[in-house]
Amino acid sequence: GLKLGYPTLYYQFLYNVIESGYGDIIIPFPQTSLIASRYFRDKNIRPDLVYIDASHDFADVQSDIYAYTNICNIVFGDDYRTWDSVKDAVNSSYNIILKSLGWRLEVVGNHWILRK
């Protein structure tokens with residue numbers, strides 16, 4: 001369902017952030033991943049890390065990875081083992097460009113982590 005135009009899952013996320021005691025360091029930014037990355041880039045905001053949980057389409061995942069590796073030192077996400085398109089996009093991004101730029105790829109369970 002929706003509440004004030006946002007999925008109720010968003011409000012559960014906010015509750016979890018506050019209850020966990022991380023409300024002072026986690027800043028929700030309810031935008032599409034690419035719009036958010038452009039905003040951060042344009043405002044010269046450099047997040048320490050970004051968790052991507054967006055589209056599972058190969059091209060979208062790859063676009064998100066490239067957008068955020070330009071402004072962050074750690075980019076990570078999930079669905080590595082459950083979506084072939086996510087796994088292929090992560091591996092392709094890493095092997096074609098990021099590896100040569102000094103990035104490291106780690107896979108932990110179903111999560112992928114790119115570190116500069």
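Which residues does Ser-92 touch, not counting residues up to four places away in sequence? The first point answers this, after a word on the model.

This is a predicted model, in which local features need pLDDT of at least 70 and side-chain atom pairs count only at pLDDT 80 or more, while totals for chains, interfaces and linings use all residues. Residues are numbered from 1 along each chain as its sequence is written, and side-chain values use heavy atoms, with hydrogens and water left out.

1. Ser-92. Ser-92 touches Phe-58, Gln-62, Tyr-66 and Ile-97, leaving aside residues up to four places away in sequence; contact means heavy atoms within 4.5 Å. Ser-92 lies in helix H4. Helices (H or I, at least four residues) and strands (E, at least two) are DSSP runs, numbered from the N terminus. With a relative accessible area of 17%, Ser-92 is buried. Buried means under 20% relative accessible area, exposed over 50%, and partly exposed in between (1.4 Å probe, protein chains only).

2. Lys-87. Helix H4 also holds Lys-87. Lys-87 counts as partly exposed, at 32% relative accessibility. Its C-alpha atom is separated by 17 Å from that of Ile-74, 13 residues apart along the chain.

3. Nonpolar core. A nonpolar core is a set of buried Ala, Val, Leu, Ile, Met, Phe, Trp, Tyr and Cys residues joined through side-chain atoms within 4.5 Å. The largest one has 20 residues, and Ile-65, Tyr-68, Val-90, Trp-112 and Leu-114 touch the most other members. Two or more residues come from each of H2, E3, helix H3 (58-69), helix H4 (84-98) and strand E6 (111-115). H4 gives the most to this core, five residues. Ile-65 touches Ile-52, Ala-89, Val-90, Ser-93, Leu-98, Trp-112 and Leu-114, not counting residues up to four places away in sequence.

4. Helix H2. The buried residues of H2 are Ser-33, Ala-36, Ser-37 and Phe-40. They lie on the same side of H2 because they cover an arc of only 100 degrees around the axis, the arc being that of the directions from the helix axis to the C-beta atoms. The buried residues of H2 pack against H3. After H2 comes Asn-44, with a positive phi near 55 degrees.

5. Largest pocket. On a 1 Å grid over the protein atoms alone, a cavity is a set of points where a 1.4 Å probe fits but cannot get out, and a pocket is an open set with protein on both sides within 12 Å along at least five of seven lines; lining residues have an atom within 4 Å of a point. Grid points are joined across faces, edges and corners, and a volume is the space filled by probe spheres set on the points. The largest pocket has a volume of about 1,400 Å³. Its lining has 27 residues, with Phe-13, Ile-27, Pro-28, Phe-29 and Tyr-51 nearest its centre. The elements giving two or more residues to this lining are strand E2 (6-7), helix H1 (8-20), helix H2 (33-42) and strand E3 (49-52). E3 gives the largest share, four residues. The lining divides into 22 nonpolar, three polar and two charged residues. Ala, Val, Leu, Ile, Met, Phe, Trp, Tyr, Cys and Pro count as nonpolar, Asp, Glu, Lys and Arg as charged, and the others, Gly among them, as polar.

6. Cavity. The largest cavity has a volume of about 80 Å³. Its lining includes Ile-52, Asp-53, His-56, Asp-78 and Trp-112.
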